[in-house]
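Please go through the structure below helix by helix. The account starts inside one chain and then turns to the contact between chains.

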Amino acid sequence: MGTTTIVDLILQALNAVLAEIAAIRGQSGQTDAAIDASTTQLLAANDALYAALKATLAVPKTPAAPATPAAPAT
Amino acid sequence: MIRKLSVVLTLAALISLGGCKDPYGAAVKAAADIGTGIAQGMKTVDSIRQQGLITPAEESNVLDYLEFANKADEAFQSCVDTAHTSGSKAGSFTACATAFNTSLNNPTELALLHVANTTASQNITTIINGITTGVNAIIAGLGGA
């Protein structure tokens with residue numbers, strides 16, 4: 001008693017894996033249609049995230065050179 | 001952390017595809033898993049750039065690939081929805097997943113993934129492997145459905 005054996009360690013690892021699987025299955029408890037709908041939102045959010053991150057990387061545009069003034073009419 | 005994410009994504013895809021009595025459900029779950037991986041990938045790449053490991057131009061290119069993958073995931077989801085509403089004909093879901101896989105392997109898009117820093121390159125490779133492994137798991141799990 002009080003000594004951690006190799007069996008205890010294996011059981012702990014197994015329980016951790018089972019807990020992770022249970023969590024994933026819990027997330028999958030929704031209906032297929034509900035998952036489909038939330039996926040649409042997720043992918044749209046990814047599009048928005050992409051646009052936001054790209055905006056932070058945008059190099060300011062160099063101002064266009066001023067137009068050459070037209071020669072005065074003579 | 002990224003490796004763990006890839007493992008979890010692959011695990012989720014494999015679990016959701018088990019037996020594949022419900023190809024529509026399996027496909028939409030896989031699309032969700034991959035979408036989650038893409039979101040995490042975008043955030044990770046931005047973090048790598050903030051650490052100075054890649055340049056803004058390199059981040060921009062990798063983001064372009066991840067957005068390309070996201071669009072491919074959207075196309076996959078749309079294809080799956082059509083297959084579902086069309087009566088889940090044999091091979092229709094697998095055709096969607098195969099088209100998704102082909103898109104991800106587009107040489108022009110893959111060329112965007114090159115970055116100079118070795119460590120950053122390994123991280124980005126891990127992200128991309130997580131996505132492509134998930135798509136391959138869909139194809140295998142569907143078993144031709």
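In this predicted model, the axes of H2(B) and H3(B) come within 10 Å and cross at roughly 170 degrees. Because angles over 145 degrees count as roughly antiparallel, H2(B) is roughly antiparallel to H3(B). From H2(B), the residues that meet H3(B) include B:Tyr24, B:Ala27, B:Ala31, B:Ile38, B:Val45 and B:Arg49. On the side of H3(B), the partners include B:Pro56, B:Val62, B:Leu66, B:Asp73, B:Phe76, B:Val80 and B:His84. Sorted by class, this contact has 15 nonpolar, five polar and four charged residues.

Several of these residues return in the largest nonpolar core, which has 42 residues. The residues with the most contacts inside this core are B:Ala27, B:Ala31, B:Val80, B:Phe93, B:Cys96 and B:Ala97. At least two residues each are supplied by H2 of chain A and by H2, H3, H4 and helix H6 (118-142) of chain B. H2(B) gives the largest share of the core, 12 residues. In soluble globular proteins, nonpolar side chains tend to be buried together.

B:Cys96 can be followed in detail. Apart from neighbours within four places in sequence, B:Cys96 is in contact with B:Ala27, B:Phe76, B:Cys79, B:Val80 and B:Ala83.

Between H3 and helix H4 (92-104) of chain B there is a loop, and B:Ser88 is located in this loop. What is the phi of B:Ser88? The value is near 50 degrees, which is positive although the residue is not glycine. Most residues other than glycine have a negative phi. B:Ser88 counts as partly exposed because 14 C-beta neighbours lie inside 10 Å.

Chain A comes next. Helix H2 of chain A covers residues 32-57, 26 residues in total. From first C-alpha to last, this helix reaches 37 Å, close to the 38 Å expected at 1.5 Å a residue. Buried in H2(A) are A:Ile35, A:Asp36, A:Thr39, A:Leu42, A:Leu43, A:Asn46 and A:Tyr50. These buried residues pack against helix H2 (23-50) and helix H3 (56-85) of chain B. An α-helix has 3.6 residues a turn, so residues three or four places apart point the same way.

The contact between the chains takes 18 residues from chain A and 26 residues from chain B. On the side of chain A, helix H1 (6-27) and H2 each supply at least two residues. By class, the chain A side divides into nine nonpolar, five polar and four charged residues.

Notes. Residues numbered from 1 in each chain as written. Chains lettered and ligands numbered in written order. Predicted model: local features only at pLDDT ≥ 70, side-chain atom pairs only at ≥ 80, totals over all residues. Helix = DSSP H or I, 4+ residues; strand = E, 2+ residues; numbered from the N terminus. Expected span 1.5 Å × (residues − 1). Buried ≥ 20, exposed ≤ 12 C-beta atoms within 10 Å, placed from the backbone. Contact = placed C-beta atoms within 7 Å. Nonpolar A, V, L, I, M, F, W, Y, C, P; charged D, E, K, R; others polar. Axes fitted to C-alpha atoms, helices over the stretch in contact; angles between N-to-C directions. Parallel < 35°, antiparallel > 145°, perpendicular 65-115°, else oblique. Core = buried A, V, L, I, M, F, W, Y, C linked by C-beta atoms within 7 Å.
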